[in-house]
Amino acid sequence: MGSAYKDDQEDWMTVCLKYLLFVFNFLFWMGGGAVLGVGIWTLIDKGDYLNLLASSTFAVSAYILILAGGLVMVTGFLGCCAVIREQRTCLSTYFSCLLLIFLIELVAGVLAYVYYQKLSEELKQHLTQTMTENYAQPGKDPITQAVDRLQQDFKCCGSNNSFDWRQSVYIRSPEAGSRLVPDSCCKTMTPSCGQRDHPSNIYRVEGGCITKLERFLADHLLIIGAVGIGVACLQLAGAVLTACFIYLLYKEEEEDFYDV
């Protein structure tokens, strides 16, 4: 009777784990969609600003999230199939995929956190030089467009302030047409409006565009890091559940073998 009770208890545990894993995989699939969405949103939403950064760490973190999100959605679907079929081979493959994606998302989260720590220093060292030396120069159209969008979107002028433009290669060239700042600095952007740098005409924000861009990127990095690490922890829990389920299935197969 004790053996029968034990078998019933193990069967009950297997069924519970099966349904628990199925629900987990559905949530896991939805989480993959969220991760994929965050990665795409990061690159699309003001993605032009990536041209203003010295390193590609920010973009790499987003691409890793997109890769991980796509893998999560595929793995979540396969996980549901593996749980329903109760095949140890499929479950073992699913378990390995969970650990792989866990490592990928953990890397994305750590990269975002590390880059977050040095973001301010990079912008201060690089942004002023990029804006003054590359704006409106031959072959630098992506940077020019990124600077114009940056100044219009964030209502700022210059990396630290509007006076930074006085050292600009563009402003000091004949092509500037007597402009004191680029036209994108103007509150109402019209041709040659940059010829007048009075506060009533241009944006003068304390801290300049560096402060605005730093805050924007920092918010995105925090989201990337939180989503990456959060879903990674969820996957770790799923890996533990899967390992338990594989173990119970193994015991059942072993018992059936000896019964025969």
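## Salt bridges and a helix pair

Arginine 179 forms a salt bridge with aspartate 183, and their closest N and O atoms lie 2.9 Å apart. Keep in mind as you look around that this is a predicted model. Both partners of this pair sit below the 20% limit for burial: arginine 179 counts as buried at 15% relative accessibility, and aspartate 183 is buried with a relative accessible area of 15%.

How many salt bridges does a search of the whole structure find? The search finds 2. The other pair to visit is aspartate 153 with arginine 149, where the closest N and O atoms are 3.1 Å apart. These two residues are 4 apart in helix H4, so about one helical turn separates them. Aspartate 153 is partly exposed, at 36% relative accessible area, and arginine 149 is partly exposed too, at 31%.

Here are the two bridges side by side:

| Salt bridge | Closest N and O atoms |
|---|---|
| Arginine 179 with aspartate 183 | 2.9 Å |
| Aspartate 153 with arginine 149 | 3.1 Å |

Helix H4 also has a helix partner to explore. Helix H3 (residues 88-134) packs with helix H4 (residues 141-153) at an angle of about 115°, and their axes are 10 Å apart. The crossing of H3 past H4 is left-handed. Which residues meet there? From H3 come Thr130, Met131 and Asn134, while H4 brings Ile143, Thr144, Val147 and Gln151. Sorted by class, this contact holds 3 nonpolar and 4 polar residues, with no charged residues.

How values were computed
Residues are numbered from 1 along each chain as its sequence is written. This is a predicted model: local features need pLDDT of at least 70, side-chain atom pairs count only at pLDDT 80 or more; totals for chains, interfaces and linings use all residues. Side-chain values use heavy atoms; hydrogens and water are left out. Axes are lines fitted to C-alpha atoms, for helices over the stretch in contact, and angles run from 0 to 180 degrees between N-to-C directions. A crossing is left-handed if the near helix is turned anticlockwise from the far one by less than a right angle, and right-handed if clockwise. Contact means heavy atoms within 4.5 Å. Ala, Val, Leu, Ile, Met, Phe, Trp, Tyr, Cys and Pro count as nonpolar, Asp, Glu, Lys and Arg as charged, and the others, Gly among them, as polar. A salt bridge is a side-chain nitrogen of Lys or Arg within 4 Å of a carboxyl oxygen of Asp or Glu. Buried means under 20% relative accessible area, exposed over 50%, partly exposed in between (1.4 Å probe, protein chains only).
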